[in-house]
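Please read the following notes with the structure open beside you, and look up each place as it is named.

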Amino acid sequence: MGKPNMSLKKNEMPVQNPDVRNSNFLEVALGYTEEQAIDEAKRCLNCKNKPCVSGCPVQIDIPAFIAEVAEGNFEKAYEIISESSSLPAVCGRVCPQETQCECKCVRGKKGEPVAIGRLERFVADRHNEKSGQSFRKPVPNGHKTAVIGSGPSGLACAGDLAKKGYDVTVFEALHVAGGVLSYGIPEFRLPKSIVQKEINGLKELGVKIETNTVVGKSVSIDELMNNENFETVFIGSGAGLPRFMNIPGENLNGVYSANEFLTRINLMKAYKENSSTPVTAGSTAVIVGGGNVAMDSARCAKRLGAEVYIVYRRTSAELPARAEEIEHAKEEGIIFKFLTNPVEIKSDEKGWVKSIVCQQMELSEPDESGRAKPVPIPDSFIEIPTDCVIMSIGTSPNPLIKSTTEGLETQKWGGIIADENGLTSKKGVYAGGDAVTGAATVILAMGAGKKAAAAMDEYMKNNN
Amino acid sequence: MYEILEKRSLNPTVTLMKIYAPRVAGKAEPGQFIILRTDSEGERIPLTVADFDREKGSVTIIFQIVGSTTEKLNHLNVGDCLHDFVGPLGRATETEGLKKVAVVGGGVGCAIAYPVAKKMHDMGIEVHSVVGFRNKDLVILEDEFKKVSSKFVLMSDDGSAGEKGLVTDALRKLIENGEKYDRVITIGPLIMMKFVCQLTKQYEIPTVASMNPIMIDGTGMCGGCRLTVGGKTKFACVDGPEFDGHLIDFDEAMSRGSMYKPFERKAHEETCNLFKGVE
């Protein structure tokens, strides 16, 4: 390897101009060219102890793949990544690298870390462009296993098991596979064609996907195991149940959960002309919440033509969303109202949202989450005129599977109880991702899916 | 794929279809619903299960042609396939402890009321059925209802079928004549169910109403189908679709149901024009 590139800054990622992109749904970040990728890869010092790998929930051998990029061996780099990750084109886009691999990078001590995420994306996209270079189909081992949910944890689990020769069927409740990757994360952040390519890759490995099947309704876990001979089941059903604030006016016309708003747009393509599913963001939209889903909702509403406010009860410093998402939202003209908490949504004479009344807050001592606790300032209310309100204050696991599976233990708040390998209280049944932890990230869910796959492999190997 | 096995017109605007969907047929119970899409770009619409045949793996749906998707659905024929068909969703009708019930259906809601009446009849529960339509051309399932009901009252707005009047008139008469019901089950237009529930509240007869709000996923994910029951927000898809009729906020439900009316009207017109162009 040649001399490292000692530039203190990452190669910039080309992006669409904010004033252009805030009215289209095309991808915001455009990806590195080969030259940029090689130049960036040369910033890696190839540390012996690989601190970056310890920050990766699926333990990709990061310095090894980057070394191949630096040499221009892009396909070799892809092979190294795919040993650990089933969805590199997805993770290169949506992982919070700044708190994972990149925050451990030695280069980050003085200057910016190596742009690991951007390089991962480059390698995956380049591989996908040259489709046809697929892996050999594994030799079947005669064991049958079921995966519930085709989101990140389910796909990661299915991919790992299929590579080992298992006969894997993924059951998906919606009409399209991908879970939150399909219904939640918008096109401009994660193009659906990328998600489909990753899923097609799994199908080439032999994974079967049965859409339109709601496990717990169409078929139960016990029926899958007893009647359809699945030896093990992995539950990756996510955390899809939206929370509301329980304030007056929340059921008015024009009030959406972020889930509904995003599902209409991403899954049902309501942003396209001639879509058969409608959505309305009004002329002014108020998004309540400060996480990544709130940013996604805000940026979608902006693209539908609304003036968009994000109402958050803490300050900019406490926003749970990724820094990059907040930056992108600001660039696109989203207006942030901090220390503001909704108390009522008011109606016009036709039952539609007219305005949202919020109380001003101030920060006091940290609460149990470690963040400063917002407390209301008495008699300090503001009213924002709006015709659309999107509640983006979190989700919890769907109780459908729990309520139809005897012997499956859950936490009080609904999360499925599983040990560190994903094993639940029920023999042969594993779980991982948001269904266990509550809402978290794509990559943590994938990590859990992979861990469970390893444990399921051990169990089935010894279960002849 | 979800093949159409049978198609029958029940009246000029209401069609019955049997769809091949073995997983749904294997688990469906009266009171539950399915969600379908006609094509790869289609919207998801919920329809209540009208009947099922576990052995043949078929599920019967009955729908009124009211919008773009039902228009498209009605243009499909035996041998064609639906793009998506998922279910059974929601909770089944509860029948425990019932000895005598009144089933009150209105319009195409009778298609949903019938399987409920039939199930109760088959379980040995005495069923009185009161069904209402605008006029005689729109009457559906009359013979079927008669077979499972020890009393059957047909009402029409203009008197062209059965008696002239509203279902609430007929129900009031039955109650005034001393019929004692453990429960009234009402399925039909929101405004009809609202008045049925107001009536039965006066007589303190427990009443359930089957709600059919706008929804997308049908599994509790979007919250679009939420309604207020006894001051609490409920999701029709997973908590329902049947709720205590005396606690439902019908006015809110009617308002929410009208949310996309202009869009729906336009989409329906466009679909009709499309078919006109082809035919």
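1. In this predicted model, how are helices α12(A) and α13(A) oriented to each other? The axes of helix α12 (residues 258–267) of chain A and helix α13 (residues 292–303) of chain A come within 10 Å and cross at roughly 50°, and α12(A) and α13(A) are therefore oblique to each other. The crossing of this pair, α12(A) with α13(A), is left-handed. From α12(A), the residues Ala258(A), Phe261(A), Leu262(A) and Ile265(A) meet Val293(A), Asp296(A), Ser297(A), Cys300(A) and Ala301(A) of α13(A). Sorted by class, the residues of this contact are seven nonpolar, one polar and one charged.

2. Helix α8 (residues 152–163) of chain A packs with helix α16 (residues 442–461) of chain A at an angle of about 35°, and their axes are 7 Å apart. The crossing of α8(A) and α16(A) is right-handed. On the α8(A) side the contact includes Pro152(A), Ala156(A) and Leu161(A), and on the α16(A) side the residues include Val442(A), Met446(A), Ala453(A) and Met460(A). The contact of α8(A) with α16(A) has 10 nonpolar, two polar and three charged residues.

3. Gln359(A) deserves a look, and it belongs to strand β11 (residues 353–366) of chain A. Is Gln359(A) buried or exposed? With a relative accessible area of 14%, Gln359(A) is buried, because buried means under 20% relative accessible area. A polar atom of the Gln359(A) side chain lies 3.2 Å from the backbone oxygen of Ile377(A). If residues up to four places away in sequence are not counted, Gln359(A) touches several residues, among them Leu339(A), Asn341(A), Pro376(A), Ile377(A) and Phe381(A).

4. Cys388(A) is found in strand β13 (residues 388–391) of chain A, and with a relative accessible area of 1% Cys388(A) is buried. Cys388(A) and Lys354(A) are 34 residues apart in sequence, while their C-alpha atoms are 8.2 Å apart in space. Leaving aside neighbours within four places in sequence, the contacts of Cys388(A) include Gly254(A), Tyr256(A), Thr280(A), Ala285(A) and Val353(A).

5. Asn212(A), although not a glycine, has a positive phi of about 55°; Asn212(A) lies in the loop between β3 (208–210) and α11 (221–226) of chain A and is buried, with a relative accessible area of 5%. In chain B, the phi of Glu204(B) is near 55°, which is a positive value in a residue other than glycine. Glu204(B) is found in the loop between α6 (190–202) and β13 (207–210) of chain B, and at 70% relative accessibility Glu204(B) counts as exposed.

6. Which residues of chain B are joined by a cis peptide bond with omega of about -5°? Gly87(B) and Pro88(B) are joined in this way, and Pro88(B) is found in strand β7 (residues 84–89) of chain B. The peptide bond from Gly240(B) to Pro241(B) is also cis, with omega near 15°, and Pro241(B) has its place in the loop between α7 (236–239) and β16 (242–244) of chain B.

Terms used: Residues numbered from 1 in each chain as written. Chains lettered and ligands numbered in written order. Predicted model: local features only at pLDDT ≥ 70, side-chain atom pairs only at ≥ 80, totals over all residues. Heavy atoms only, no water. Axes fitted to C-alpha atoms, helices over the stretch in contact; angles between N-to-C directions. Helix = DSSP H or I, 4+ residues; strand = E, 2+ residues; numbered from the N terminus. Parallel < 35°, antiparallel > 145°, perpendicular 65-115°, else oblique. Left-handed = near helix turned anticlockwise from the far one by under 90°. Contact = heavy atoms within 4.5 Å. Nonpolar A, V, L, I, M, F, W, Y, C, P; charged D, E, K, R; others polar. Buried < 20%, exposed > 50% of the residue type's maximum accessible area, 1.4 Å probe, protein only. Polar contact = N/O pair within 3.5 Å; in protein donor to acceptor, adjacent residues only side chain to side chain.
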